[in-house]
Every structure is written in structure tokens, then in C-alpha cells.
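Here are some notes for a colleague who is opening this entry for the first time. They go from one chain to its contact with the other.

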Amino acid sequence: MQFNSFSDFINMGGYGFYVWLSFGATALILTLLLISSKAGHQQIIHQIAKRKQREDKLRQARELRKQQHEHRNKELNN
Amino acid sequence: MWKWLHPYANPEVSYHLTNKLLPWLSALAAIFLSIGLVWALLFAPADYQQGDSFRIFYVHVPAASLSMGIYFAMAIAAFSSLVWQLKLADASAAAMAPVGAAFTAIALITGAAWGKPMWGTWWIWDARLTSELILLFLYLGVIALHNAFEDKNLAGKAAGILTLVGVVNIPIIKYSVDWWNTLHQGSTVSKLGRPSMSLDMLWPFIVCFIGFSLLVAVIISLRFRNEILARNSIRPWVRELVKNHTR
């Protein structure tokens with residue numbers, strides 16, 4: 001161990017500000033990147049699920065319209 | 001001879017392989033980084049000239065060399081994507097760019113925080129620092145191009161061309177300390193032959209370097225996974241996976 005006390009460790013031989021700025025900025029940037037990369041997985045799955053829902057709804061609407069159309073045609077023919 | 005590689009060009013296989021590798025990579029990264037950082041901050045000796053400010057070295061040098069290494073890897077991926085139209089190479093290049101940008105930013109910030117007490121200035125427009133700043137702008141340009149087009153193939157092509165043009169910057173960064181007079185010191189670690197560092201500084205450095213490299217692998221894998229899903233969103237296997245995840 002290079003330091004005798006905790007305040008010695010924080011002080012870093014007078015370079016505390018620069019050392020902790022470096023390690024702090026590194027930790028902050030990497031933590032943010034790690035969290036956002038991990039969260040991206042759920043986000044993308046959610047997006048794809050939503051798009052699928054929208055497509056399903058559109059398909060249902062199209063089929064309904066087709067059925068109504070056929071129904072009306074049948075009535076007209078009768 | 002290369003036939004065994006073939007199945008890995010399949011997005012579904014790659015996705016599941018990445019998923020399987022992730023916990024192992026994460027555990028290894030956590031182990032190496034915690035040992036390395038404690039060693040660097042608490043047990044490594046202070047430099048006889050630079051005192052405890054030398055501890056910045058243990059994040060600055062891995063970050064700087066990884067910022068170049070990731071760019072090199074991204075360039076190889078971009079090249080294979082442009083030449084052989086490997087879609088997964090495109091996905092991996094897109095996954096690497098933000099990680100490289102983050103490490104370039106870290107190299108610049110820690111470099112400034114080290115430069116202030118040692119050189120008396122946060123920043124100077126010399127060759128090493130300026131070329132590293134250009135590397136950051138190249139990364140940002142590549143990220144912007146990847147997001148600029150709805151069509152991911154087109155985006156990958158544009159970003160890939162910028163990546164390949166930017167490769168010229170890598171040797172400039174690497175050799176800037178030899179080619180120009182600069183405040184930045186020459187390399188201490190990769191010098192062949194006579195080791196210019198004492199072993200009780202070299203070992204914590206090696207552990208930190210491996211730890212940061214593993215963390216890079218973890219983050220790139222996480223992003224690679226996301227890129228695969230985003231690029232294959234209409235494939236049945238992705239649809240199936242989404243169904244299982246949102247149920």
C-alpha cells in the first residue's frame with residue numbers, strides 16, 4: 001500500500017484533483033455507455049413489437065374492408 | 001478451410017453466440033478491471049518525477065491505444081462490408097463507432113488532466129493531441145452517417161467510406177511523437193527491446209489494459225446484438241424472439 005491514511009489517498013500527493021478527475025470522467029463515460037448499450041436491447045425489442053402491432057392492425061383493417069366489400073357486392077348482385 | 005466460419009455469418013447464430021459470450025466477458029472484465037484499478041490506485045509506486053499524477057497513466061494509455069485499436073478494427077469491418085457485402089460486418093462497425101468515440105474522449109480528457117500538472121497546460125495544438133482530436137471527429141462523423149439514412153445498407157456504405165479515408169489518421173497519431181517535436185512523451189510500453197518501465201508499474205498497467213479491452217468487448221457485444229436485431233426486424237426468428245420477450 002502506497003498511502004498511510006485515507007486522506008493521503010484522496011490527496012494523491014497533491015495531484016488529487018487531476019487523478020480523480022481522470023478516473024471519475026472515465027468511470028462516468030464508460031458507465032453511461034454501458035447502461036445505454038444494455039438498455040438499447042429492450043428498446044429495440046419494444047420498437048419491433050410496436051411495429052408488429054401496427055402492421056397487424058393494418059392487416060386486420062384491410063381484411064375487414066375486403067369482407068365488407070364482398071358482402072356489399074353480394075347484396076348488390078342479389 | 002474457412003468453411004467453419006460460414007455459419008457465423010448468419011445473424012441468428014451470431015446473435016445467440018454473442019448472448020452466450022456476454023456473461024463470461026462481463027465477469028472477466030469486472031475481475032480484471034477491479035484488480036487493475038485497485039493495483040493502479042493503491043499499490044503501484046509513485047513515479048520518481050511525476051509523483052502520484054503518474055496514476056493517470058493507467059487509464060490514459062489503455063484508452064488512447066484502444067481508441068486507435070477500435071478504429072483499426074472498425075476499418076477492417078468497413079472494408080469487408082464494402083468489398084464482400086457482409087451485413088454483419090456493417091453491424092459490427094456500427095457497434096464499434098460509439099465505443100471508439102468514448103475511448104477517444106477519455107484519452108483526451110485524461111490527457112488534459114495529466115497535462116495540466118505536468119506541462120502546465122490543459123491543451124496544446126501539437127501533433128499528438130490534434131491528431132487524436134481529429135480521431136474523435138472521425139468517430140462522430142461515422143456515427144452521424146450511420147444514423148443519417150433510413151436504409152441501413154446505404155448508411156453503412158457511407159460510413160464505411162469515411163472510415164476507410166480516416167485510416168490515414170491512425171499512423172499519424174501513432175508516429176506523431178517521433179515525426180514532430182511535441183510535448184507529449186514517446187511511448188514507454190511498446191518500445192521493443194529494453195523495457196523502459198519498472199515491473200511494478202508494468203504489471204498493473206497490463207492488468208488494466210486487459211480489463212479495459214474486455215470492457216470494450218462487452219460493450220461492443222451489447223451494441224452488436226442491438227444492431228443485429230434492428231437490421232433483421234422483419235425476420236421470423238426476430239419476430240419470435242420479440243414475442244417471447246414481450247409476453
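1. Among contacts in chain B between residues at least 6 apart in sequence, what percentage join residues at least 24 apart? The figure is 77%. Please keep in mind throughout that this is a predicted model.

2. Overall make-up of chain B. The C-alpha trace of chain B spans about 60 × 40 × 35 Å along its principal axes. Of the 247 residues in chain B, 39% are buried.

3. Helix α5 of chain B. This helix covers residues 152–166, which is 15 residues. From first C-alpha to last it reaches 21 Å, close to the 21 Å expected at 1.5 Å a residue.

4. Which residues of α5(B) are buried? They are Gly156(B), Ala159(B), Gly160(B), Thr163(B) and Gly166(B). Because these residues cover an arc of only 120° around the axis, they lie on the same side of α5(B). Their cover includes α2 (57–84), α3, α4 (127–148) and α6 (169–179) of chain B. The face of α5(B) turned away from the buried side carries Leu154(B) and Val165(B), which are exposed.

5. The side of chain B that touches chain A. Here 37 residues of chain B are in contact with 27 residues of chain A. On chain B, at least two residues each come from α1 (11–43), α2, α3, α7 (199–231) and α8 (236–246). The most is given by α3(B), with eleven residues. By class, this side of chain B has 23 nonpolar, eight polar and six charged residues.

6. One helix pair across the two chains. Helix α2 of chain A (residues 16–77) packs with helix α3 of chain B (residues 87–119) at an angle of about 170°, and their axes are 9 Å apart. An angle over 145 degrees counts as roughly antiparallel, and α2(A) and α3(B) are therefore roughly antiparallel to each other.

7. Residues in that contact. On α2(A) they are Tyr18(A), Leu21(A), Ser22(A), Ala25(A), Thr26(A), Ile29(A), Leu30(A) and Leu33(A). On α3(B) they include Pro98(B), Val99(B), Ala102(B), Ile106(B), Trp114(B) and Lys116(B). By class, the contact of α2(A) with α3(B) has 15 nonpolar, three polar and one charged residues.

Technical notes
Residues are numbered from 1 along each chain as its sequence is written. Chains are lettered from A and ligands numbered from 1 in the order in which they are written. This is a predicted model: local features need pLDDT of at least 70, side-chain atom pairs count only at pLDDT 80 or more; totals for chains, interfaces and linings use all residues. Axes are lines fitted to C-alpha atoms, for helices over the stretch in contact, and angles run from 0 to 180 degrees between N-to-C directions. Helices (H or I, at least four residues) and strands (E, at least two) are DSSP runs, numbered from the N terminus. Angles under 35 degrees count as roughly parallel, over 145 as roughly antiparallel, 65 to 115 as roughly perpendicular and the rest as oblique. Two residues are in contact if their C-beta atoms, placed from the backbone, lie within 7 Å. Ala, Val, Leu, Ile, Met, Phe, Trp, Tyr, Cys and Pro count as nonpolar, Asp, Glu, Lys and Arg as charged, and the others, Gly among them, as polar. The expected span of a helix is 1.5 Å times one less than its number of residues. A residue is buried if 20 or more other C-beta atoms lie within 10 Å of its own, exposed if 12 or fewer, and partly exposed in between; C-beta atoms are placed from the backbone. The arc is that of the directions from the helix axis to the C-beta atoms.
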